[in-house]
Amino acid sequence: MHPCGTSRQVSNKLFYWSKLQAVNGTFARHVCEGSRAIQTLCACPITMPYNKDLAYIHDAGFTESARQAADTVLKLLREKKIKSGLVVDLGCGSGVLADRLTREGFDVLGVDISEAMLKLARKRAPKAKFKRGSLFRTRLSKSVAVTAIGECVNYLFDPGGTALLANFFRRVYRALLPGGVFVFDIVEPGSTPKPSILHCEGKDKAKDWAVLVSKEEDARRRVLTRRMTIFRKVGRLYRRSQEMHRQRLYPPAQVARKLKTAGFNVSRLPGYGKEPFAPGRSGFAAWKP
Ligand SMILES: C[S@@+](CC[C@H](N)C(=O)[O-])C[C@H]1O[C@@H](n2cnc3c(N)ncnc32)[C@H](O)[C@@H]1O
């Protein structure tokens with residue numbers, strides 16, 4: 001289901017048809033996933049996930065956990081004496097993990113749903129390969145590790161729910177070589193007990209971005225909605241855009257159970273690198289025996 005509405009099947013291509021929504025009386029047109037050829041019929045105030053400006057902001061201000069995760073992934077692989085081979089980085093974002101792993105001698109395939117993120121990733125990690133697609137649907141090659149860092153499995157940019165997750169775990173398991181590891185993290189129910197509004201801005205010299213984020217958790221449906229108003233400086237002015245992201249929240253015990261059912265040996269991670277997970281976040285290292 002599209003973050004903003006219902007889904008429909010047209011011409012054998014899945015595309016998402018938004019409910020007509022107006023924000024400030026204006027409609028923005030956008031092209032939805034899987035429907036490049038079908039110019040949008042949506043009239044919706046949100047853009048594709050991680051459009052150009054949010055991808056830029058993610059890269060400028062929110063890649064520390066990918067840096068820390070690189071230490072964890074390398075440590076886990078070294079413990080098993082794995083020094084080379086393919087790592088598939090799902091939801092690779094702007095390529096921070098891919099860059100580090102290729103520098104350490106691994107082959108990396110990064111997969112992301114956002115073309116803007118992939119553009120940044122290709123620049124940062126020229127030795128890695130990248131492809132656009134959904135992590136839940138992309139074909140997974142035989143690999144020594146699969147990673148999904150930064151709550152990637154929670155996002156509801158794809159239709160489906162917990163059944164999709166169980167199926168996804170089975171596919172990751174099949175793709176891993178014996179002794180391989182799947183490293184990822186999740187957001188849990190209760191991570192946002194009360195609706196909240198955050199303001200983040202660039203702290204570097206450029207100070208060329210700011211984001212207002214409102215977060216609201218639907219406890220009954222276990223869905224977190226983040227609405228973002230994004231400002232990015234272009235010339236002397238700030239360009240304004242909006243995105244809405246929805247995430248399904250998974251209890252960690254349920255995730256561990258699904259991993260075990262898929263065949264994994266599961267350990268919970270305390271954090272990535274030197275950074276413990278914030279309350280409401282959990283991480284896993286799931287090993288294929
Ligand atoms: C919070 S960012 C994390 C990016 C990167 N892993 C990092 O840690 O810097 C989440 C990423 O997941 C991607 N993503 C979310 N759902 C996805 C899906 N179903 N398939 C592929 N990528 C997805 C987004 O486009 C975004 O790049």
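Let's start at the ligand: 25 residues lie around it, and A66, G91, G93, G150 and Y155 come nearest. A residue is near a molecule here if its C-beta atom, placed from the backbone, lies within 6 Å of it. Helix α2 (64–79) and strand β4 (107–112) each supply at least two residues of this shell. Helices (H or I, at least four residues) and strands (E, at least two) are DSSP runs, numbered from the N terminus. The shell divides into 14 nonpolar, eight polar and three charged residues. In this count, Ala, Val, Leu, Ile, Met, Phe, Trp, Tyr, Cys and Pro are nonpolar, Asp, Glu, Lys and Arg are charged, and the others, Gly among them, are polar.

Keep in mind that this is a predicted model, in which local features need pLDDT of at least 70, side-chain atom pairs count only at pLDDT 80 or more, and totals for chains, interfaces and linings use all residues. Residues are numbered from 1 along each chain as its sequence is written. The chain has a mean pLDDT (the predictor's confidence in each residue, from 0 to 100) of 85, and 82% of its residues reach 70 or more. Over residues 1–46, however, the pLDDT is below 50, and this stretch has 78 contacts in the model beyond near neighbours in sequence. Two residues are in contact if their C-beta atoms, placed from the backbone, lie within 7 Å. Where pLDDT is low, the predicted coordinates should not be read in detail.

Now look inside. The largest nonpolar core has 68 residues. Such a core is a set of buried Ala, Val, Leu, Ile, Met, Phe, Trp, Tyr and Cys residues joined through C-beta atoms within 7 Å. Strand β7 (residues 176–187) gives the most to this core, with seven residues. Among the residues with the most contacts inside the core are A98 and F182. Not counting residues up to four places away in sequence, F182 touches V146, V172, L176, F264 and A286.

What about A98? This residue lies in helix α3 (residues 96–103). A98 counts as buried because 29 other C-beta atoms lie within 10 Å; the cut-offs are 20 or more for buried, 12 or fewer for exposed, and partly exposed in between, with C-beta atoms placed from the backbone. Leaving aside neighbours within four places in sequence, its contacts include D89, C92, V108 and G110.

Finally, find helix α1 (residues 52–61), where seven of the ten residues are buried. What covers them includes α4 (115–124), β9 (209–218), β10 (223–234) and β11 (237–248).
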